Amino acid sequence: MTRECAVLLPGVCAALADPRQPGLDDTCLEKLLDWFRSLTWFDPSVELLQDNPCLTELISSVLALPDPSPSILAFTLQLAGILASSESRFQLLQQEKLLGRLFGQEGPQGSAAWEDASVRSAWVKGVHSMVHHQPALHFLCSTGGMDVIFAMQGDPSLFVASAASQLLVHILTFSLESEVSKALSAKDCDWPACAQMIVKHIAESLQSGSASHVEQSLKLLSSLFGSSFGSCYATWTEVLWSDIAKQIESFLLEETVQAQPVLANLLLNVARSPVFCGTEGSFWALVTSALEHLTPVQAGPLAVGLLKLCKCPQDVRIQALTVLLQPMDCILRAASQPLEYAGLLDESVSDPVTVESLLSSKTSCAGLLCQTLTHLEKLLSLEHLRVDLPCVSLLHSLMTILQFCNGFLSPASPLGSAISRNLINCFRVQKSALDVLVALSEKKDCDTLIGSLFDVLLAYLHSPNTSPTVLKKTFQATSKWLVHLQELSCSNSQWQQTEKILEDVFLVLQKRLCSPCWEVRDSSLEFLTAMVKCLRDQKEFRQCLLSSEVLRLTENLLEDPESYVRASAVTAVGHLAFITCFAPESPVIGNQYNKESTIAKLQEILSTDSEGFPRRAVISIFTTWLREGCTGQLEDTEQFVSRVIQTVEHDLDWEVRLGGLELVEVFCSQTICKLSQCPYAPVSSAVTSSTPQSELLQVFCRAKLFEFLFRSLCDCDKPVGQRACDVLIGLRGHFYPVSTLENPQEIEDSPAGRGIAWLQRTLRQGSLAQNFPMDGGDGVDFQDPESMMLALGAIDLLELHDELNKSSDHVEESPQSLLQDILAAVGTIEDNEVDCY
């Protein structure tokens with residue numbers, strides 16, 4: 001603690017304990033607690049209390065109040081717990097007889113303040129902070145604190161109940177940490193005292209017959225096995241599980257127990273423990289029983305969790321996959337004539353009638369399908385899945401769901417009719433099914449259904465009933481499967497099918513680009529951009545694109561009234577330019593699509609559009625073009641970059657200015673590569689004698705890069721200044737070896753040197769953006785290579801970098817400032833002494 005803070009602290013403690021003072025803002029109290037946590041974290045010594053007796057006086061004074069405010073009592077409980085986190089400070093507080101009055105039988109339980117949830121929560125947090133040594137553990141067990149925590153598991157405040165459960169996990173784990181390690185077996189174990197209390201409480205609660213007590217203990221067990229206990233204490237895990245396994249099994253078989261979702265989570269957390277790595281044993285039999293007896297909605301999370309485990313036995317893994325596929329299997333069977341399609345599964349894990357009844361119910365159908373589809377999407381995203389997914393049947397089932405949702409399928413069975421009624425225009429299921437469809441596009445064995453799949457996708461793209469959000473998802477799925485189709489047609493020469501599908505896609509895209517709904521126009525442009533990125537090198541794609549009206553319609557949308565659409569149109573036009581302007585064999589379509597015309601249109605948007613989104617899109621596209629080498633020879637690129645940054649530096653949107661700096665960074669990197677023999681080698685001789693280096697400087701000066709970079713250093717938006725500084729440091733690293741930086745004192749006597757000295761002073765003041773003289777006086781010639789060479793070598797860019805990377809509140813949020821603010825809030829210091837932030 002600094003001397004300044006130590007001087008202020010007694011006044012703060014006195015103010016906190018004074019009931020006449022107005023209540024402090026909770027944020028101030030939280031910040032004060034954070035400060036004490038940081039003070040005690042690395043220093044367990046008792047000196048903090050000995051040097052600052054006002055802290056124990058504060059606790060005593062609050063305890064002496066007949067009716068302390070809940071906020072101050074809550075603060076005191078947490079403060080005492082933080083201070084008692086080390087054994088030496090705990091003993092001192094015990095000598096003062098303070099801890100028993102806070103956390104023992106004399107504590108605030110039963111008082112009026114205890115009715116406030118914040119006080120109960122603070123009590124739990126205080127105990128959690130304190131229990132990091134054996135004396136605190138013994139104190140808790142001997143003063144009735146454990147009974148208070150057990151009771152809090154059922155607290156009406158969910159925050160308090162959850163915190164109490166986490167505290168019990170911490171206490172049990174810590175009590176085992178503190179034990180001398182010894183060989184234990186399930187037949188011969190002796191739990192430490194605190195752990196014994198918790199284990200006994202769990203056993204009694206599970207056998208109590210009280211639904212709430214059972215659920216609380218199951219949640220506690222789930223948290224316990226999901227914590228370091230389950231992974232680090234194998235023997236104890238085995239002992240505890242052997243004590244409760246029979247009871248857990250009985251809960252699975254009792255239909256009256258309401259805690260099945262918690263049981264599923266508990267079993268999954270136990271399965272993750274190293275204890276159950278083997279394929280034998282009663283545990284996996286219990287898991288199998290759970291998959292059979294839990295409802296499909298309850299078993300789903302357990303099944304997907306088991307499939308992610310590398311050590312799960314194969315027969316359990318297959319059973320878990322069957323649970324997830326059962327709703328998809330039911331969909332296929334419901335949509336087919338009897339025996340026409342066998343479905344996904346040879347046999348079910350649980351009674352198929354259960355799944356059928358859920359899917360035929362309006363209230364449960366969408367929920368079950370959405371959960372199932374979400375789980376399947378997760379599985380498809382895994383790199384190594386240890387079971388084979390029946391991808392073809394799964395794709396067939398997805399198409400069936402999508403057809404049910406848009407009413408394009410007339411089911412033959414009564415169950416199918418019920419499901420169809422439940423799913424018609426169900427956006428949730430449509431979106432989930434399309435997400436799985438995207439994930440399935442990575443699989444290689446769905447080729448036989450690809451024609452039928454595009455029929456379904458195109459039906460959605462054409463349908464006026466498709467909502468904008470579902471349409472966006474349909475576009476995403478279509479672009480993914482178009483890539484798959486292109487790979488397929490390249491390998492097996494199915495050109496005609498590919499060409500027909502592409503023609504249909506461009507026809508519907510033309511229609512959607514003219515939609516009166518701006519979200520649809522926006523999604524259509526994003527879809528077009530995605531297609532161009534993936535397929536621009538494919539001949540069939542380019543031919544279908546150029547023979548459609550898409551290019552004209554996209555260019556028209558550069559003037560759309562909605563700024564999001566204009567931005568998407570800019571991005572689309574920018575990527576279309578790789579086909580219409582920049583490709584070596586670019587077709588001549590008309591003057592409106594040549595390179596100069598396209599650049600001019602986008603530059604006009606950059607300089608005149610009233611909204612930031614289109615301008616950001618332009619600068620992003622220009623940077624993309626530059627990266628891909630589309631802006632021509634160096635001289636053309638130099639002029640292009642110069643024009644862009646002169647427009648960008650006056651832009652009111654900081655993200656546009658930041659984009660300009662990214663453009664400059666790419667330009668610098670590319671130019672250095674072109675003009676330097678070895679771009680990564682440091683310069684060994686005098687820089688000014690190196691022709692490539694001199695030429696580099698001249699290019700950068702002609703492009704007016706330095707003026708833009710130095711002005712950006714003092715930008716009112718910090719990310720811009722930080723990026724400009726990074727670029728300048730990168731340039732200095734190229735032009736100067738570390739050992740040859742200029743000495744500012746040696747160059748200040750020259751005219752250029754005086755300007756550089758002025759620039760350094762101005763940069764430190766941060767006022768360059770407001771006062772930026774260009775010529776004469778103390779100004780700097782930013783287009784003079786010699787001056788810029790001096791500037792790079794003499795200005796302390798690293799110091800500027802450190803300043804720019806400091807948090808803006810590094811002074812205002814100091815502990816000293818916090819203490820001053822608290823004193824100001826209670827009116828004990830003059831206004832001019834306060835840093836009111």
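A crossing is left-handed if the near helix is turned anticlockwise from the far one by less than a right angle, and right-handed if clockwise. The model is predicted: local features need pLDDT of at least 70, side-chain atom pairs count only at pLDDT 80 or more, and totals for chains, interfaces and linings use all residues. Residues are numbered from 1 along each chain as its sequence is written, and side-chain values use heavy atoms, without hydrogens and water.

**Exercise 1.** Classify the packing of helix α13 against helix α15.

Step 1. α13 covers residues 211–225 and α15 residues 234–253; the axes lie 13 Å apart, at an angle of about 140 degrees.

Step 2. That angle makes α13 oblique to α15 (under 35 degrees is roughly parallel, over 145 roughly antiparallel, 65 to 115 roughly perpendicular, the rest oblique).

Step 3. The crossing of α13 past α15 is left-handed.

Step 4. From α13, Val-214, Leu-218, Leu-221, Leu-224 and Phe-225 touch Thr-237, Leu-240, Trp-241, Ile-244, Ile-248 and Phe-251 of α15, where contact means heavy atoms within 4.5 Å.

Step 5. Sorted by class, the contact of α13 with α15 holds ten nonpolar residues, one polar and no charged.

**Exercise 2.** Describe how helix α35 meets helix α37.

Step 1. The axes of α35 (residues 654–675) and α37 (residues 705–713) cross at roughly 135 degrees and come within 11 Å.

Step 2. α35 and α37 are therefore oblique to each other.

Step 3. α35 passes α37 in a left-handed crossing.

Step 4. α35 contributes Arg-657, Gly-660, Leu-661, Val-664, Phe-667 and Cys-668 to the contact, and α37 contributes Leu-705, Phe-708, Leu-709 and Ser-712.

Definitions and conventions:
Axes are lines fitted to C-alpha atoms, for helices over the stretch in contact, and angles run from 0 to 180 degrees between N-to-C directions. Helices (H or I, at least four residues) and strands (E, at least two) are DSSP runs, numbered from the N terminus. Ala, Val, Leu, Ile, Met, Phe, Trp, Tyr, Cys and Pro count as nonpolar, Asp, Glu, Lys and Arg as charged, and the others, Gly among them, as polar.
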